[in-house]
Structures are given as structure tokens and as C-alpha cells.
Amino acid sequence: MSARQRVRASQGDSGELGIHNERVLFLVFESMKWDIHALCSTASVNRKLRAVVNRLLWRSVCLYRAPRMIATLTNGSLNGRIGGGWHTLAKLMFFCCGCKPTRHFRLSQPTAGHRVKASRFSKTSGQSFLSKSCKGDLLYVSDMCEHQTGDKEEDQLGIYRGVFRGFHRSRTRACLIERRVKLEESVMCPYCAAPVWSMTAARLVPKSAARRLGSHDGSLEYFVCVNGHLYGSCWLVPLSSDEDGYEEEEEDVECFEDGRRRISYDDRTMTSGSFGSTGEEVVED
């Protein structure tokens, strides 16, 4: 055995010492309640740490922040794989990707992406984004991130994102392939950099999506990448004075830090009946 081999053997199965040891890293970040800033800083130190963080620690972040959603996405197999990787799913949880103008969505200037403190992901909302032939799929969609894009009050842009369970076996993917929908040439997924399909170009955007978002039919667009990540944007319909005066129990209203009322999916759903929503709030401590 050479000197180098003896050193590697003395370091144990992981082949790493000190902070590079996976168990040590896990315990450190577990004690920090999976602080996202610290994880990002650690991953930027060197290639070895980035590999450990991407392969092991981001999965733990996802499990800690959204255990029910992860259990559903993985069919209870928490050691299974996620399309695009666990680091991609963690980014999707806490990053609004912003919006760029596309051939089907006019925008005077791009809206920058940014980190979010909290998001709510709902599979009930996800059903509104599936065409009738794809209702058997399971899709989680986040609440909207609202952006003011102009001087007028009505210039409100809503940006949203989501993730499919088992996209490679989904009916949505099968429909895209059956219709021979081409992947977009100049658009890539902002979360995993994979090629994407435009659901607008595929004519797979149901009217229920606009109702759910509080947008006009045809005033929205969303993409789905080959790994099953969904993201899109829409122009929001301004709330009428009657809707502004709608009274709601205090515990059901989320507020921004400055006290402004946050309009939820259920507030913006324009249906005659009730539309419940089952989901999970993902919060950064």
C-alpha cells in the first residue's frame, strides 16, 4: 500500500476529514435548522463541498421545510431522486425566477428574480393548470409573487412556479410528445437549465388556470421543462371595490410586513362555488 493509499484508508469510508465529512456537515446544519444562507456559502467554497451539499444536504432542507409535499412527490420514498436534483427543488421553493418577455407574453422590460421568505404550494391549485386529459397528474403550484411593473395600479404581474410528481410518466408529458410540440429554442428552465415546452404554444393551458390566478384568459403563459418544473407569469385583473371590501376572518388573511393584504389563490378564484385548497407553506426561518 502506498503512502497516499494509507492516508485515504485512515480517513474512513468518506475519504474526507474535518468539515468535509458528510456526517459532520449534516449535524452542523441540522443544529442550524438548515439555514439556507449558510448552505449556499458552504457550497461556494470548493467543488467537494458543493457536491456534498447538492447530493445530501439540499434534500434535508427540502424534507425539513416541506415534509408532506416531499413525501407526496417521492411517493414516500424519501431516498428517491427528484427531477433536476434536490438543489433544484430547494431553489424552486425559495426563489421567484422573475419574468422575461416571450413570443406569447408581452412585457416592456424583464422583471428580476429574487429570494422569497415564504411560499405556499398547493396540489389543488395545480389541478387548475392541467387540461382535462391530464387531470390524473399531480402538480404542486406556488402562490403568486406579485410585482408592480408600471405606474398604473393595474400593472400587476403575477409570477408562479411549480413541480410535477413523476413527470416522465405523466399524461402531460405524453400529450406534449403525442402532439409533437417542439421544445423552445431560446428558453431554458431557470431552475435546472433544462429545455422547456411552452404550454401556450402546445394549447394545453386550461381556462381554469386564468380563473385560479385572477387573470384574463390569454393573459398568462407558463412553461414546463423536461424535468417537470413549471414556471410562468400572468397579468392580474385589478380587484373591484366590492372585492376590496370583502370581509374575511383575520386568521385566514396573510399580510405583508407593511400591513398590506396579500391576495390568496382562493380570493382570486372567480367561481360561483367554494374551491378548497390543500397544500403546504414553505417558510424560511
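The structure holds eight aromatic pairs, where rings of Phe, Tyr and Trp (its six-membered ring) pair if their centres lie within 6.5 Å, and planes under 30 degrees apart count as stacked, over 60 as edge-to-face and the rest as tilted. The structure is a predicted model, in which local features need pLDDT of at least 70 and side-chain atom pairs count only at pLDDT 80 or more, while totals for chains, interfaces and linings use all residues. Residues are numbered from 1 along each chain as its sequence is written, and side-chain values use heavy atoms, with hydrogens and water left out.

A pair of aromatic rings is described by the distance of the centres and the angle of the planes. For Phe 164 and Phe 167 the ring centres are 5.1 Å apart and the planes stand at 55°, so this pair is tilted. Phe 164 has 6% relative accessibility and therefore counts as buried (buried means under 20% relative accessible area, exposed over 50%, partly exposed in between, with a 1.4 Å probe and protein chains only). Phe 167, at 4% relative accessibility, likewise counts as buried. The ring of Phe 167 also pairs with that of Trp 197; here the centres are 6.3 Å apart and the planes at 50°, so the pair is tilted. Because Phe 167 lies in the loop between β6 (156-164) and α8 (171-178) and Trp 197 in strand β7, the pair ties together parts that are 30 residues apart in sequence. Both Phe 167 and Trp 197 are buried. One aromatic cluster is formed by Phe 129, Tyr 160 and Tyr 222.

The secondary structure of the protein comprises eleven helices and ten strands; helices (H or I, at least four residues) and strands (E, at least two) are DSSP runs, numbered from the N terminus. Of the 285 residues, 43% count as buried. Among the contacts with a separation of 6 or more, 63% are accounted for by residues 24 or more positions apart, a contact being defined as heavy atoms within 4.5 Å.

The protein averages a pLDDT of 79, and 75% of the residues score at least 70. Confidence is highest in strand β7 (residues 196-198), at a mean of 97, and lowest in helix α11 (residues 265-268), at 37. Over residues 6-18 the pLDDT stays under 50, and the model has seven contacts beyond four places in sequence for this stretch. The pLDDT is also below 50 over residues 241-277, a stretch with 57 contacts in the model beyond near neighbours in sequence.

The second largest pocket contains about 410 Å³ of space. On a 1 Å grid over the protein atoms alone, a cavity is a set of points where a 1.4 Å probe fits but cannot get out, whereas a pocket is an open set with protein on both sides within 12 Å along at least five of seven lines; lining residues have an atom within 4 Å of a point. Grid points are joined across faces, edges and corners, and a volume is the space filled by probe spheres set on the points. The lining of the second largest pocket consists of 23 residues, and Lys 100, Thr 102, Val 187, Phe 223 and Tyr 231 lie nearest the centre. Two or more lining residues are given by β8 (215-225) and by β9 (229-236), with β9 giving the most, at three residues. The lining divides into twelve nonpolar, seven polar and four charged residues; Ala, Val, Leu, Ile, Met, Phe, Trp, Tyr, Cys and Pro count as nonpolar, Asp, Glu, Lys and Arg as charged, and the others, Gly among them, as polar.

Several loop residues were also examined. Tyr 191 is placed in the loop between α8 and β7 and, at 5% relative accessibility, counts as buried. Not counting residues up to four places away in sequence, Tyr 191 touches Thr 88, Lys 91, Leu 92, Phe 95, Cys 96, Cys 97, Arg 161 and Tyr 231. The C-alpha atoms of Tyr 191 and Arg 161 are separated by 10.0 Å, the two residues being 30 residues apart along the chain. Ala 193 is placed in the loop between α8 and β7 and has a positive phi of about 65° although it is not a glycine. Ala 66, in the loop between α4 (47-65) and α5 (67-73), has 0% relative accessibility and so counts as buried. Leaving aside neighbours within four places in sequence, Ala 66 is in contact with Met 93, Glu 280 and Val 282.

Terms used
pLDDT is the predictor's confidence in each residue, from 0 to 100.
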